[in-house]
Amino acid sequence: MCSLALFPPPPAPGDVTLYELNNALVSGHVYETLPLAFQDQLADLPVLTIPKETLKAHSRLEHSTKPAFIHHQETLWKRCLNAWRDVGMCGVLNEIANAEEADLQWMKTGSRWALALCHWVSSLHGSLFPHLSLCSEDMIAEFSQAVDWAGCSIRAFAWHPHTSKFAVALLDDSIRVYNTNSATVPILKHRLQRNVASMAWKPLCASILAVACQSCVLLWHLDPTSLSTRPSSGCAQVLAYPGHSPVTSLAWAPSGEMLLSASPVDTAMLVWDVSTENCVPLQWFGGGGVTYLAWSPDGSKVLAATPSAVFRVWEAQMWTCERWPTIKGRCQTGCWSPDGSRLLFTILGESVIYSLSFSEYSGEMQGQVGGSKTASIVADLSATTFETLYGEERIGGGVHSMVWDPSGERLAALIRGNPETPESRTIIAVFRTRNSPVFELLPCGFLQGEPGAEPQLIAFHPCFKKGALLTVCWSTGRISHIPFFFVSARFPCFSPSHSPVVALSSSSASVRERPLFSEL
């Protein structure tokens, strides 16, 4: 088992981590350049700084233009229909209970009793699941993969799976799209684009971006050849479902055929067919909602975390699931190995990384998840004191988010420091990994940013050609890219002019034959 005690000491104060070369992390001053042989690898990637002070938080309280028009009294049934669409059954009961029509006294009385019963059941449910008493913004901040979602200028980040293009969601509810092959930076804004928690680009597609918002899922259709910096709201497709908000997590199938969305207040995760805007709820009672989704790269399984001490892994052919209860708390984050045979996950309140292995079934056993009965601990991240030339430094704690690079050879874990310990800080630990023939997790080192900057979000570039490239969003609003130069055992002859092959299920064999879109 790997532990922080096996790691080399963190970089010296004032130094930043620049790159990895010859299995060692190199640190220095931020203005230092890469070795000459590798300078062209990051030449086109933008290094951005988006300070919080330059962004104006969304201040408009109204969600529609209704207050601008003269009030018009609609019929009760029309009002009930609108309430059902916007709120659900409780909205209908509330509309009937407060109706002004005098000839519906018996319905009003029955609705009041039913509404009181719903409130009692809701309060009972809230005592079992305390997160339901939180407002939408606090709920998103609680379950976001960003360390300080409410206070940082960058709230979500997403690489495109096939090209060097990424999207950044900001504090002012806008989204900026950066492309290494274009100087145009589209800025996406929509009246429903509030409190963005997550984003995901559609695989095998050039220009569709899914955005998890407070009240819905937005699908932006962006023309990669357009020179417009402000796409109209007509380019956004709205996917909404009663009782499914706020949306905190999204996951595309590797084939791009389905989109999953999750909300902490909805016990069902929704499987969307975006072409028809229809969805199928995958209902499983218990857990109090769904907070985080991760689809395995081979398309066979889906991790679904809940706000309570249980998480599920769904099999994506027959949509059966297995549940794993935890002891201390909820599943905070998780990531899959490139072949989908192993899941690494962490539990809130614990300073360890767990591993679950999965087997493939065929024939009569097909349709089963195939997970091992118990999870094994593969890394201990308990607080450890490092003796350095500059004094003692204490590092360790729970993992807030975790990402595995597409080659399966580097794992980055964002370790959140203990807020009760002043000298404890948030830092990124990087591991060298191997999944076959046996699983190995070895220490690589710690990543450090500029003085005063703490990591908020991490993501690996999906098709870096010289090893792995980790993008880090810092609390100062800076977005930096840290390369790990090594020869991948999985892609020894990787060519940058082609998109990586996406492993798909047999049902998606036709998609294999389609050429991937490339903007290069």
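Guide: The count of aromatic pairs comes to 18, where rings of Phe, Tyr and Trp (its six-membered ring) pair if their centres lie within 6.5 Å. This is a predicted model, in which local features need pLDDT of at least 70, side-chain atom pairs count only at pLDDT 80 or more, and totals for chains, interfaces and linings use all residues. Residues are numbered from 1 along each chain as its sequence is written, and side-chain values use heavy atoms, with hydrogens and water left out.

Visitor: Why is the pair of Phe 311 and Trp 324 called stacked?

Guide: The planes of Phe 311 and Trp 324 are 15° apart, with 5.9 Å centre to centre; planes under 30 degrees apart count as stacked, over 60 as edge-to-face and the rest as tilted. Phe 311 belongs to strand E19 (residues 310–315) and Trp 324 to strand E20 (residues 321–325), 13 residues apart; strands are DSSP runs (E, at least two residues), numbered from the N terminus.

Visitor: Why does Phe 311 count as buried?

Guide: Its relative accessibility is 2%, and buried means under 20% relative accessible area (1.4 Å probe, protein chains only). Trp 324, at 8%, therefore counts as buried too.

Visitor: What makes the pair of Phe 311 and Phe 345 tilted?

Guide: The angle between their planes is 55°, at 4.7 Å centre to centre. Phe 345 lies in strand E22 (residues 342–347), so this pair ties together parts 34 residues apart in sequence. Phe 345 is buried, at 4%.

Conventions. Helix = DSSP H or I, 4+ residues; strand = E, 2+ residues; numbered from the N terminus. Buried < 20%, exposed > 50% of the residue type's maximum accessible area, 1.4 Å probe, protein only.
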